[in-house]
Amino acid sequence: MNWLGWLHDFFADPAHRSGPDSIVHRVLEHLAFSAEALGLAALVALPLGLLIGYSGRGLFLVTALAGVARALPTLGLVTLAVLLAGVGETAVLLPLTALAAPPMLVAAAEGVRGTDPDVRDAARGIGLTHPQTLLRVCVPAAAPTLLAGVRTASVQVIATATVAAYVGLGGLGRYVIDGLATRNYPTTVGGALLVVLLAVAVQLLFALFVRLASPPGARPVRAVRSARAAGSAGGGGASAGGSAPDDDPAGSPALVKESP
Amino acid sequence: MLDGEPLIRWRWLGDHLGYLGDLTADHAVIALVPVLLALLLAVPLGLACARFPRLYQPLAAVFNVVYALPSLAVFVVLIPYTGLATRETVMVPLTCYALAVLLPTAVDGLRAVPEPVRQAATAMGYGPWRRLAAVELPASVPYLIGGLRVAAVSSISLAAVGALVGRGGLGYLFVDGFQRTFPTPILAGIVLVALLALAADLLLLAARRVLAPWSRGVAR
């Protein structure tokens, strides 16, 4: 019943200082695995999302897909994948990738869709081709929304990779699952705390990225508003689809989570 | 790996219909009672935030962090307080997650009443409480239901993970099927969780139709 004592036991344990069960090793495992799933998902979802957002076709499908994905229980998918394909990284990588892809897809599509149509027309008007308009105008304007989607996906994958330890994966989930199995609470609670810290650290990292990646016109909604009030047309401003992530308290409820 | 085990044993499903029904009902309670609790908390909190805007930013920041916490980790960390394998282990964090979704929508909803409407109500002699009950709360119903849809669906999905620490619910099918290398219960669990989420979503849409018929055209 003593929380702090448990944590002390966990961090003081020599087995957690070095070797295959060390904290550093488990954190790196966890990160490597999450990054792999996120990279795969980004490779598929981001280009597709950009195209869908730019062309405006298939938007309905994307929203419906995101809803269905939110309702799918990852623990079920992971256990099923392992039964079908055997314990191995690929078996667990696929459900994680499937988990990460929808929020990225939705964010990319909605971000590009939210680009000010006047700005898009202006880009076309000064002679940019469609691919140039997409890459040089829409993508920068969509950057905050896009990053918010990648952030949601990252946090979900990091959280779910914990569950994947249940089917034999390494990473921080090992502490949580093994500790639960042996009723070794110091290990469980220590592992859980590390996962929470990792998730929060990734959240903060992305908050920083969003700040750095926002194009000047998309950053403060207030500035765009006052520019409009002053009658200056555009001001290079593309509002981020009305959803500047900083002003959006619960992440975007549209993107939201299923984070085990 | 499966050796000669079919993906679905239909006979098992037929023999266990009652059992699956019980688990589904159990799952609905574990996942949806927290959403109701969160709604009961979100409305007064939302009112306080709408009245004192300074309160909102810090609260929103706290819940934003809460929302990012991995559920399995939170379930585990709470075990010392709620005990292992009790429903509370799962239901307390689920309430927090649902509250994190509902608070912003409650605040948005209460702020959405146009100022002229508020003034008109006051001019007609409505006191603050009557105005709240007759104007502001009804006006925020579409917003609240939008938030409830997200909260309910993710709560149903998260409750499945609770099977690793808690008791009951459809998540048990995943644990059971995995331990016995038996995919039928896992598939049944996935389908039932998805169906339960769909049912909750449709029910909330129907509720919006009844409670806020004017919002029918609003895509939310």
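A salt bridge is a side-chain nitrogen of Lys or Arg within 4 Å of a carboxyl oxygen of Asp or Glu. Keep that rule in hand for the second stop.

This is a predicted model: local features need pLDDT of at least 70, side-chain atom pairs count only at pLDDT 80 or more, and totals for chains, interfaces and linings use all residues. Residues are numbered from 1 along each chain as written, chains are lettered from A in the order in which they are written, and side-chain values use heavy atoms, without hydrogens or water.

**Stop 1: chain A**

Select chain A. It has 10 helices and zero strands. Helices here are DSSP runs of H or I with at least four residues, strands are runs of E with at least two, and both are numbered from the N terminus. Of the 260 residues in chain A, 53% are buried; buried means under 20% relative accessible area, with a 1.4 Å probe and protein chains only. Now look at contacts, meaning heavy atoms within 4.5 Å. Among those in chain A with a separation of 6 or more, 77% join residues 24 or more positions apart.

**Stop 2: the interface**

Show both chains. The contact takes 45 residues from chain A and 46 residues from chain B. About 4000 Å² is buried between them, and carbon and sulfur atoms give 79% of it. Buried area is the accessible area (1.4 Å probe) that two parts lose on being put together, summed over both. Apply the opening rule across this interface: it finds zero salt bridges. Next, colour the chain A side by residue class. You get 33 nonpolar, eight polar and four charged residues. Nonpolar covers Ala, Val, Leu, Ile, Met, Phe, Trp, Tyr, Cys and Pro; charged covers Asp, Glu, Lys and Arg; the others, Gly among them, are polar.

**Stop 3: helix H8 of chain B**

Select residues 171-179 of chain B. This is helix H8, mostly covered, with seven of its nine residues buried. Among them are B:Leu173, B:Phe174 and B:Asp176. The buried residues of H8(B) pack against H4 of chain A, and also against helix H1 (10-15), helix H2 (17-51) and helix H9 (183-211) of chain B. Step past the helix to B:Thr181. Its phi is positive, near 50°.

**Stop 4: B:Tyr97**

Finish inside helix H5 (residues 87-111) of chain B, at B:Tyr97. Buried or exposed? B:Tyr97 is buried, with a relative accessible area of 4%.

Methods. Buried < 20%, exposed > 50% of the residue type's maximum accessible area, 1.4 Å probe, protein only.
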